[in-house]
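User: I would like to learn how to read the pockets of a model and the packing of its helices. Could you take me through them step by step?

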Amino acid sequence: MERLEDTRQDPRGVLYPARLPTLDRIPAPLEVAHLVRWFWIPEWRIQPGRTSRQHVIAFPACNLVVEPDAVGLAGPTTRRSHRDLTGTGWGVGALLRPAAVPHLAGNPATLRDAYRKMELPGLHRPVAEAMNGPGERHDRHRRAVGAFAAWLAGEVPPPGPEALLANEMAAAIDSDPSIRTVTDATARLGIPARTLQRLAGRYVGLPPSAMIRRRRLQEAAGRLRDEPGTTLATVAADLGYSDHAHLANEFRSVLGLTLSDYRQRTAPDA
């Protein structure tokens, strides 16, 4: 099993990293690396009567999540989302690569901004036993990921060429900052725009343009948090927006915040 990673090393997707509960991100074991980008495991213990609200601008993907009392499939999102944490709890989530999605959701577009409970006792039982069992946090998390990965490897068949191409599409869009338009993505992958649209629809549930915008907004949020001395106009120009207003409008439409408001909320003294 590969090592644990603290998500604060790569907090993309989390709007307020400093407010996170204990959260580990574990790279997918080799046998399911074509199905899962990484596993993420939060644990929390909130004081009675208090709530911790966690805001995210999620990656353009589906997540399969095991919780103490259920398994659920969270679809791709079109806006920021949040969850209120109370009491004591945990979750074991898998950020799915596109190749895994058709085996869990026939049409991922129907899951946009939605969460569907899944009847998967063969997955829930061993993961819950690992999380509720003895041992230090990292040991329990490794056992939970091992059980999750074993279930996926046994239930999801090896991906074919199209599914692997969908994985390549998602990886390129997420990691290559030079991809700013659908035309950039088709050139990078060497496929027609119609093929790109079909792959994104079948395996992600969002159009490729939305996937590109999501990466750029995640990058913008990171720049606003980490570089308080950088002007908003510079952030917009560096990320390929036509002007400051273009970034500001998109940021507000998805996150419901202005650029300045978000920067103020994430300042060290906020």
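User: How many nonpolar, polar and charged residues does the lining of the second largest pocket have?

Analyst: Rolling a probe the size of a water molecule over the atoms shows where empty space is left. A pocket here is an open set of points on a 1 Å grid over the protein atoms alone, where a 1.4 Å probe fits, with protein on both sides within 12 Å along at least five of seven lines, and lining residues have an atom within 4 Å of a point. In this predicted model, where totals for linings use all residues, local features need pLDDT of at least 70 and side-chain atom pairs pLDDT 80 or more. Residues are numbered from 1 along each chain, and side-chain values use heavy atoms, without hydrogens and water. The lining of the second largest pocket has 13 nonpolar, 2 polar and 3 charged residues, with Ala, Val, Leu, Ile, Met, Phe, Trp, Tyr, Cys and Pro counted as nonpolar, Asp, Glu, Lys and Arg as charged, and the others, Gly among them, as polar.

User: Which element gives the largest share of that lining?

Analyst: Helix α3 does, with 6 residues, helices being DSSP runs of H or I with at least four residues and strands runs of E with at least two, numbered from the N terminus. Of the 18 lining residues, Arg37, Pro98, Ala170, Ala171 and Asp174 are the closest to the centre of this pocket.

User: What is the class make-up of the largest pocket's lining?

Analyst: That lining has 19 nonpolar, 10 polar and 7 charged residues.

User: Which residues are closest to its centre?

Analyst: Of the 36 residues lining the largest pocket, these are Trp40, Val56, Ala58, Ser81 and Arg83.
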